[in-house]
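My entries follow in the order I made them.

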Amino acid sequence: MLTKLLPVLALVLATPALAADPAKGESDFKKCKSCHSITAPDGTDIQKGGKTGPNLFGVVGRAVASSPDFKYGEGMLEVNATGTVWDEALLAAYLADPTAWVKATTADDAAKSKMSFKLPKAEDAANMAAYLASIK
């Protein structure tokens with residue numbers, strides 16, 4: 001299975017070399033609003049959105065699958081158990097293909113991500129990751 005994912009992972013791991021544009025990521029966040037919001041700890045809405053997915057405030061620097069108000073799937077909980085922390089490169093890789101990332105990270109062909117939305121263009125995934133990293 002990992003062999004199937006190597007081309008995807010190679011493309012996404014090259015993402016940090018791209019000049020990521022947080023402003024483009026912010027503009028593209030409208031694609032994410034149906035499921036995610038960005039709400040500061042004091043309750044300030046940075047991006048109003050849905051509650052289907054976890055709040056993305058401070059996601060970069062936070063442990064994977066650690067938002068207390070969200071029920072994660074088994075695959076993401078497996079990743080959480082490893083102590084993995086989101087950084088821009090990991091987040092960009094996840095955004096490119098969430099289920100492929102979970103499968104590769106857990107080495108479990110049956111592992112899945114609840115998130116089915118993808119940003120398959122490396123530039124779009126890098127821009128979104130850069131935008132989310134800018135929100136602290």
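The notes below go from the overall layout to single residues.

**Ground rules.** I am reading a predicted model, where local features need pLDDT of at least 70, side-chain atom pairs count only at pLDDT 80 or more, and totals for chains, interfaces and linings use all residues. Residues are numbered from 1 along each chain as its sequence is written, and side-chain values use heavy atoms, with hydrogens and water left out.

**Layout.** I find six helices and two strands in the chain. I take helices (H or I, at least four residues) and strands (E, at least two) as DSSP runs, numbered from the N terminus. The order along the sequence is α-α-β-β-α-α-α-α. Of the 136 residues, 43% are buried. Buried means under 20% relative accessible area, exposed over 50%, and partly exposed in between (1.4 Å probe, protein chains only). I also checked contacts, meaning heavy atoms within 4.5 Å. Among those between residues at least 6 apart in sequence, 48% join residues at least 24 apart.

**Core.** I looked for a nonpolar core, a set of buried Ala, Val, Leu, Ile, Met, Phe, Trp, Tyr and Cys residues joined through side-chain atoms within 4.5 Å. The largest one has 30 residues, and Met-76, Trp-101 and Leu-132 touch the most other members. Helices α3 (74–81), α4, α5 (98–106) and α6 each supply at least two residues of this core. I then followed Trp-101. Leaving out residues up to four places away in sequence, Trp-101 touches Val-64, Met-76, Val-79, Trp-86, Leu-90, Ala-93 and Tyr-94.

**Pockets.** A pocket here is an open set of points on a 1 Å grid over the protein atoms alone, where a 1.4 Å probe fits, with protein on both sides within 12 Å along at least five of seven lines; lining residues have an atom within 4 Å of a point. A volume is the space filled by probe spheres set on the points. The largest pocket comes to about 500 Å³. It has 29 lining residues, with His-36, Gly-53, Pro-54, Tyr-94 and Met-115 closest to its centre. The lining holds 19 nonpolar, seven polar and three charged residues. I count Ala, Val, Leu, Ile, Met, Phe, Trp, Tyr, Cys and Pro as nonpolar, Asp, Glu, Lys and Arg as charged, and the others, Gly among them, as polar.

The second largest pocket has a volume of about 240 Å³. Its lining has 15 residues, and Gly-53, Pro-54, Asn-55, Ser-67 and Asp-69 lie nearest its centre. That lining divides into five nonpolar, seven polar and three charged.

**Salt bridges.** How many salt bridges are there in the whole structure? I found two, each a side-chain nitrogen of Lys or Arg within 4 Å of a carboxyl oxygen of Asp or Glu. Glu-123 and Lys-24 pair at 4.0 Å, N to O. Glu-123 is in helix α6 and Lys-24 in helix α2 (residues 22–28), so this pair ties together parts 99 residues apart in sequence. Glu-123 is partly exposed at 44%, and Lys-24 is partly exposed at 43%.

Asp-97 and Lys-118 form a salt bridge, with the closest N and O atoms 3.6 Å apart. Asp-97 sits in the loop between α4 and α5, and Lys-118 in the loop between α5 and α6, 21 residues apart. Asp-97 is buried at 18%, whereas Lys-118 is partly exposed at 41%.

**Last look.** Ser-37 lies in the loop between α2 and β1 (38–39). Ser-37 is buried, with a relative accessible area of 4%. Beyond four places away in sequence, Ser-37 has contacts that include Gln-47, Lys-51, Pro-54 and Leu-56.
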